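Below are some notes on the model, as numbered points. They start with the charged pairs and go on to helix packing and the surface.

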Amino acid sequence: MKIKEITYCGVMIAIIVSFSLVPPIAVPVIPVPISFQTMAVMLAGSLLGKKLGTISVLIFLLLVAVGMPLLIGGRGGFSIFLGPTAGYLLSWPISAFSIGWLLEKVGKLNFWKYLIANLIGGMLVMNLIGAIGLSFIIHMPILKAIISTTMFFPGDIIKTVIVAFIATKLQQTHIIKLAN
């Protein structure tokens, strides 16, 4: 990796960590809170592309796994990957990759392409994998887990709009170029 790529990954990891400072919003139906860190994961795929976005998220999760308290509420440690949020956390690098891959395939980028890539690669991928993990870990029927995740959709749609707006503005000002 080049120094520029390492720097981009480091900055993105810092952004993901900074989003953990926003307190979680508890959800009454399932033991998974609403987190703004998912928005940072979508930014990773949107701004850094499939390779660097995925690397950034994987390094972040590795830091969490070794015990650094980088998740919302100051949580960290390997046990996090055995709890109800495990599927969501494991979906993060897949989402960053999916978003970057989709954006790589669509040609010239604009707000709508960022939005669609984040709706599909971010929101849908995270919630589907998260629901599967939730079903497996807390022994909830898969259909019930999938239906339960739909309560995240309104907030996730708002997050995807914000990410698409930020990515479009950064692209237009040439502050950052999709690094595929």
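1. Lys50 and Glu104 meet through their side chains in a salt bridge, at 3.2 Å from N to O; the term stands for a side-chain nitrogen of Lys or Arg within 4 Å of a carboxyl oxygen of Asp or Glu. The pair links distant parts of the chain, with Lys50 in helix α2 and Glu104 in helix α3 (residues 86–105), 54 residues apart. Helices here are DSSP runs of H or I with at least four residues, numbered from the N terminus.

2. On provenance: this is a predicted model, in which local features need pLDDT of at least 70 and side-chain atom pairs count only at pLDDT 80 or more, while totals for chains, interfaces and linings use all residues. Residues are numbered from 1 along each chain as its sequence is written, and side-chain values use heavy atoms, with hydrogens and water left out.

3. Lys50 counts as partly exposed at 23% relative accessibility, and Glu104 counts as partly exposed at 30%. The classes are buried under 20% relative accessible area, exposed over 50% and partly exposed in between, with a 1.4 Å probe and protein chains only.

4. The structure holds three salt bridges. Glu104 also forms one with Lys105, where the closest N and O atoms are 4.0 Å apart. Lys105 counts as exposed, at 53% relative accessibility.

5. The side chains of Lys159 and Asp156 form a salt bridge at 3.5 Å, N to O. Lys159 and Asp156 are three residues apart in helix α6 (residues 153–172), so about one helical turn separates them. Lys159 is buried with a relative accessible area of 5%, and Asp156 is buried with 9%. Elsewhere, salt bridges with shared partners join Lys50, Glu104 and Lys105 into one network.

6. The axes of helix α1 (residues 3–18) and helix α2 (residues 37–65) come within 8 Å and cross at roughly 80 degrees. Axes are lines fitted to C-alpha atoms, for helices over the stretch in contact, with angles from 0 to 180 degrees between N-to-C directions. α1 and α2 are therefore roughly perpendicular to each other, a class that covers 65 to 115 degrees.

7. Leu115 lies in helix α4 and is buried, with a relative accessible area of 11%. Leu115 and Thr160 are 45 residues apart in sequence and 6.0 Å apart in space, C-alpha to C-alpha.

8. Ile147 is in helix α5. At 52% relative accessibility, Ile147 counts as exposed.

Definitions and conventions
Helix = DSSP H or I, 4+ residues; strand = E, 2+ residues; numbered from the N terminus. Parallel < 35°, antiparallel > 145°, perpendicular 65-115°, else oblique.
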